[in-house]
Amino acid sequence: MADRGFDVQKQRGFTTIALACFVLLYTPIVLLVMYSFNVGTSIAIWEGFSWRWYVSAWENEQVKVAALRSLYLAVVASFVATSAAVLAALATTRRPAYRGQTVVFAIINQPLMVPEIVTAVALLIFFALIKSFTGYTGGAFLFVAHSAFCIPFAYMPIRARLQGMDLTLEQAAADLYGTPLRVFRKVTLPLLWPGILAGAMLAFVISLDDVVITEFVKAAGQDTLPTYMLGQLRRSVTPEVNAISTVLLAISVTMVVIYFILSQRKN
Amino acid sequence: MADATYTRPFSERYSHWILLSPALLILFVAAFGPLFIVLIYSFLTAGDYGGVVWSFSTDAWFNVFAERDMFDDTLGFADAHLAIFWRSFRLAAVTTVVALIFGFPTAYFIATRPPKQRNLWMLLIMVPFWTNLLIRTFAIMELIRNEGVVNSLLMAMGVINEPIQMLYTDFAIMIGMLYVYLPLMVLPIYASLERFDFALVEAAYDLYANRLRVLWRVILPVTKPGIIAGSILVMIPALGAYVTPRVLGGGKRMMLGNLIELQFGQGRNWPLGAALAIVLLIIVTASMIYYVRAAGKEGAGHG
Amino acid sequence: MIEIDGVSKVFGSGVQAFTALDNVSVTIRENEFFTLLGPSGCGKTTLLRTIAGFNAPTNGAVRLDGQDLVSLPPYKRPVNTVFQNYALFPHMTVAENIGFGLEMLNRPKAEISSTVDQMLDLVQMTAMAGRRTSEISGGQQQRVALARALAPRPKVLLLDEPLSALDYKLRKGMQVELKRLQNETGITFVFVTHDQEEALSMSDRIAVMNHAQILQVGSPHEIYEHPSERFVAEFIGETNFLIGTVTQADETQGSVALDAGGNIVARLPQGEGGMGQVTVAVRPEQATFCAPDSGEATVSGTVSNVVYLGTDTHFHLTLDDGNPFALRLQNTPDNSVQQKVGDRIGIAIAPGVAQVLKD
């Protein structure tokens with residue numbers, strides 16, 4: 001083949017910068033994962049492969065409790081957030097505009113727009129107020145807080161799915177004597193399912209990864225895995241933190257890849 | 001005629017409010033509702049051991065910007081606060097600019113791949129973004145600490161004899177935020193580049209523009225809404241960053257987020273913390289409104 | 001003068017290789033309105049883009065006034081393009097769009113603004129100078145795209161199906177307009193279209209393309225009246241094909257014994273004086289009615305359908321050998337159609353009108 005000719009899309013150096021970006025994005029993560037398998041206590045000098053830090057994390061009672069709390073929190077919060085988001089998405093798509101719709105939209109997306117630290121401080125103050133009135137200091141505060149900031153993440157893919165859905169399918173079902181509830185169960189819900197699953201996964205990952213709001217809302221002894229790690233980072237770090245991180249990374253990456261595959265599938 | 005006076009049944013007219021109620025209730029209790037309480041707290045008096053005393057005071061707002069000298073009681077600017085404001089703004093701005101310098105070519109690269117490959121490249125950008133922010137910050141910390149890979153490598157190669165102190169500097173915070181927020185820059189720029197009509201580039205080349213001028217005069221102006229969106233998306237969390245400066249700044253290099261936290265911890269000045277939080281919220285909201293306006297104006301011209 | 005000399009273009013390689021241009025040679029003259037006509041995928045746009053510089057030919061040379069173009073990037077070629085969907089810059093006004101080329105050539109500001117004014121006047125868009133390109137109609141965008149491409153005074157203007165996005169009436173108006181602009185500016189126009197009517201009405205010369213090759217180059221009259229190949233005859237206008245055998249031939253004409261019966265004197269393709277089986281092309285309006293089976297009749301048949309079209313009447317006939325034949329008569333106030341469905345009729349074709357095709 002002769003000369004490729006004039007490439008209108010070419011810009012000098014762009015490909016180099018882009019590839020450098022990909023390398024730089026992944027290098028720290030790869031190193032972090034690599035040193036979680038280090039036999040020594042160093043996170044810079046490679047001394048050989050071992051599972052030792054995974055074993056040590058597994059045997060660390062604090063880690064185990066925090067991990068279970070994180071999982072429990074993420075499961076409940078993503079379930080609550082996704083359920084609320086499905087209903088909200090049904091109420092904000094495919095109907096004529098109504099008064100207050102813009103405000104509703106802003107409220108649902110508000111956790112995305114307000115800096116996390118501000119929400120965290122607001123929750124700290126508000127929950128402290130409730131605590132002082134009721135004397136209740138249990139874990140419910142964390143569940144409510146996580147459910148709230150997960151809602152917009154669950155809402156986005158569900159809404160996108162609903163908007164892309166063919167309205168005539170439901171009309172056809174209604175025409176064939178389906179009552180509204182049965183139409184929803186038999187037609188809308190099955191079509192919506194990939195969106196719901198995607199939304200739930202995003203919510204799960206967001207809850208699992210949250211540091212700031214949890215740090216401010218949690219009472220003593222209510223550490224999640226991320227807040228436990230944040231505490232550990234102040235001390236001298238051993239590859240045990242790398243091992244915990246690697247497990248969390250694996251969960252997140254799996255979820256995101258599944259989300260990606262789900263959102264790729266068209267109606 | 002009958003249609004005009006027909007009123008839909010109650011359930012149909014108000015069903016959306018019923019459907020919305022769970023989400024709105026949760027968000028009211030644990031997202032936007034408490035923001036009003038923050039506003040109220042910023043006008044209260046600080047309690048001695050944290051918390052507040054329920055009496056009106058503008059001290060907190062006064063203390064955001066000014067301070068009374070401990071010895072001669074003269075008024076002055078709250079230098080420490082202003083320094084932190086300035087650092088927050090400067091670091092956020094530098095992070096945004098560097099993210100743009102790296103993010104635009106990356107988005108451009110992805111947008112010019114064959115259509116089938118593009119989503120996969122975007123997935124590569126988004127995977128780090130959806131992984132734990134703390135873990136990514138920690139990964140950067142391991143990389144740049146004195147005993148970290150970068151210093152070890154440089155020393156092994158003989159470039160340096162002593163490790164360079166990178167951790168616990170402004171540079172470390174900037175690098176950390178760049179690493180953490182870069183995908184937020186790539187995403188909207190990619191979205192506008194993917195819609196970009198490369199026939200415009202052909203037209204510009206046809207009209208004697210060279211590569212650089214095509215970039216400056218056609219590609220950048222047309223994708224400006226995406227660039228503004230990306231810049232705002234990076235700028236906002238960077239201004240409010242808390243974890244990254246805490247881990248990589250080591251508590252000494254504070255940003256606004258850490259200053260706010262301090263008031264609820266050792267500082268024991270909740271009203272001041274509340275006022276600072278409101279200041280941050282105002283800055284962020286103002287830049288967002290600016291963005292929506294700017295993007296709207298641009299978008300209108302595109303039809 | 002543009003010389004396209006043995007240009008080939010192959011996209012991709014191996015199994016997926018696609019030949020868009022296959023050894024194409026043609027010379028486009030100075031100040032000519034030259035049209036590349038063909039169906040989609042025939043290579044006409046590829047050829048245009050090769051001249052513009054967006055394709056490097058796999059083989060062959062492109063020269064403008066003797067100067068090689070292939071080695072020049074698009075932004076160094078004195079050639080401008082009107083793109084199919086105009087590709088107007090959305091972030092600039094009409095005037096800024098028109099001035100863009102001159103600005104890139106680093107012309108002085110005063111010159112740019114006077115040329116822009118002149119161009120706005122030329123395409124009658126002066127009133128719209130300050131508008132955004134999204135605020136004007138499709139026809140107006142078309143004019144701006146033209147003005148923008150003409151403003152740097154290129155040696156050649158390339159037009160890539162510029163009228164295809166316009167509705168019928170606007171298209172008719174723009175055809176006249178384009179021809180006027182070409183006359184006024186004296187710039188060579190290379191026009192790409194798949195619309196034969198457009199090509200016939202505007203061009204000085206037409207190159208008919210199919211399957212990556214140029215089949216015939218000639219004036220609209222030559223292309224229409226004397227198509228060299230079956231594809232050209234079929235692609236432009238309606239044509240009847242009659243099969244026959246050449247019984248006698250001289251330089252330009254030959255006598256063909258038709259399979260449907262009768263003899264016809266037809267023009268022979270250049271340089272192919274051979275005998276044997278041939279196809280003869282006859283336009284519907286080149287034939288008239290006469291008494292069946294008479295000496296006047298070239299062939300005979302029956303009327304199977306009559307369609308009144310206002311200016312013309314269109315007859316669908318069935319020849320004696322079963323093949324269809326289309327015949328068109330112009331309507332005049334005093335003639336009325338006498339032939340009815342089922343009538344047996346004769347078809348007369350004047351000598352030297354029909355064209356024998358290359359095979």
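Which residue in β7(C) is the bridge partner of Val79(C)? In this predicted model, in which local features need pLDDT of at least 70, side-chain atom pairs count only at pLDDT 80 or more and totals for chains, interfaces and linings use all residues, the partner is Val156(C). Residues are numbered from 1 along each chain as its sequence is written, chains are lettered from A and ligands numbered from 1 in the order in which they are written, and side-chain values use heavy atoms, with hydrogens and water left out.

The pairing of β6(C) with β7(C) (residues 156-160) is parallel and comprises 4 bridges, where pairing requires that DSSP finds at least two bridges between two strands, and strands (E, at least two residues) and helices (H or I, at least four) are DSSP runs numbered from the N terminus. Both strands belong to an open, mixed sheet of 6 strands in chain C, ordered β6-β7-β8-β3-β9-β10, with β6 (79-82) and β10 (213-218) of chain C as the edge strands, each pairing on one side only.

Helix α1(C) (residues 44-52) lies across β3, β6, β7, β8, β9 and β10 of chain C and runs at about 145 degrees to β7(C), angles being taken from 0 to 180 degrees between N-to-C directions of lines fitted to C-alpha atoms, for helices over the stretch in contact. Helix α5(C) (residues 168-185) packs on the sheet and touches β3, β7 and β8 of chain C, contact meaning heavy atoms within 4.5 Å; the direction of α5(C) makes about 160 degrees with that of β8(C).

Chain B, in turn, has 14 helices and 4 strands.
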